[in-house]
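Dear colleague,

I am passing on the structure below, and after it you will find my notes on how its parts meet. Please look through it before reading on.

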2 protein chains.
Amino acid sequence: MDRTFKLVIEYDGTDYCGWQRQPNGRTIQQTIEDALARMTRQAVVLTGSGRTDAGVHALGQVAHFSCDTTIAPEALQKGLNSLLPDDIVIRACQPAPIGFHARFDAHGKTYRYTIRNTPLPAAIGRQYAWWIRSLLDTAAMTAAAAHLVGRHDFKSFEAAGSPRAHTIRHISHAEVRCDTQGIVTIDVTADGFLRHMVRNIAGTLAAVGRGKLPSEQIPALLDARDRTLAPPTAPAHGLCLIKVLYSEEGK
Amino acid sequence: MDRTFKLVIEYDGTDYCGWQRQPNGRTIQQTIEDALARMTRQAVVLTGSGRTDAGVHALGQVAHFSCDTTIAPEALQKGLNSLLPDDIVIRACQPAPIGFHARFDAHGKTYRYTIRNTPLPAAIGRQYAWWIRSLLDTAAMTAAAAHLVGRHDFKSFEAAGSPRAHTIRHISHAEVRCDTQGIVTIDVTADGFLRHMVRNIAGTLAAVGRGKLPSEQIPALLDARDRTLAPPTAPAHGLCLIKVLYSEEGK
């Protein structure tokens, strides 16, 4: 009888064409499905909480699959981690209730966008942060982020060509932090995200930080519902999916 | 007329066969020499403070070169950084006094060895730390490190086949630290290092941390002057050359 499993997955997206299986190009989904097929000797379909773009990382992507197996969750996790390349790690493998769906059951997600705001780029860790040379005004970025919190139409922050019913999302938390090493992080939690939404928010907050856009302009930018008015999209490699939220976790 | 320049270099050693130029394989030295040749239109020899092994990283490798150029140091740095791949960054380029030699003038070096001591490996940042699953006793490692400080014969910590006059070195500082995320760092400063010395020290301290070797055995291990008695060498990718010390820096 089929059993359903929930996986929590960390990956370094550098060498992948994103999450989603595709005819040409190595993807996270396909790589894990191949390992699952080797373990279970069945064709297994893995369903993620959502796609991540090429080059985007994850600390806590969630996916589910169903298959007819007697292998224990711990053994599945161990086996997968031994089969998978070292840029993908299964952080947890749990039995899931019947009908659990990684995408439909998700109540929200938290992403982190990382900027390295230093006079010189870094060689070590360059894969995980967008380098911006000019000193960012993080207080202005914080003020701009505050305007994004709440239920808004985020059409100005959506990439073209994404299938969705509407462009209204609820950002419950948006926070800009800066450490003493010049690492600026932008954490955004929402009930859902449009295509490139966090990267577009990061690009806009960076423009605010550079003094190219006053933070008070954010409400007008939201109202305009026009992507062409907002600053350019931030690069993929600064983005990391931190956590997918489900109701059993109290949200 | 020839001028001498001092470079401070950061690199991610993951995709290199180490520092030293070699007939087969991409090296840091060769990559920078190629960029220097493009900028100066001369064959330039770059002399490092010492070699680093394949896979070893550096935040502060130092090297010098001499050539007949009128290019200003700042322009050299900028030009090199635009020509070099993004896993090598020239952090500083300064005019050096006549006769400056990156290796002979170095008074010491600081290396850091990083261990990720967590139940699961990491995908993100896996290139920069040795993963050890079993919980390390960092207090025992600290006690073991203390036995290494001072002037000792480090033959038990030297890889075979290295050219050197003798195996006595002076470790002025050795420190083990552990953060709340399970990242254990071993910082070692000495007047010089034997081949694989830090990796052999890291391997030995890890054995102490795992309870396989009592810290009180370190003095006997030093006295034995026998590499075969000490635990295995730690992998290269956990090692980073942090700083090369010169007299103008007060040491």
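**Axis and interface**

In this predicted model, the residue of chain A that comes closest to the rotation axis is A:Gly125, at 3.6 Å (C-alpha). A rotation of 180° with 0.0 Å of shift along its axis superposes chain A on chain B, with an RMSD of 0.0 Å (by least squares on the C-alpha atoms of residues with pLDDT of at least 70 in both copies). That is the relation of a two-fold axis.

As for the interface itself, 24 residues of chain A are in contact with 24 residues of chain B, contact meaning heavy atoms within 4.5 Å. Because 100% of the interface residues of chain A are also interface residues in chain B, the copies meet through the same surface.

Between the two chains there are four salt bridges (a side-chain nitrogen of Lys or Arg within 4 Å of a carboxyl oxygen of Asp or Glu), and the side chains of A:Arg126 and B:Asp86 meet in a salt bridge at 3.1 Å, N to O. Strand 4 of chain A gives the most to the side of chain A that touches chain B, namely four residues (strands being DSSP runs of E, at least two residues, numbered from the N terminus).

A note on conventions: residues are numbered from 1 along each chain as its sequence is written, and chains are lettered from A and ligands numbered from 1 in the order in which they are written. Local features need pLDDT of at least 70 and side-chain atom pairs count only at pLDDT 80 or more, while totals for chains, interfaces and linings use all residues, and side-chain values use heavy atoms, with hydrogens and water left out.

Best regards
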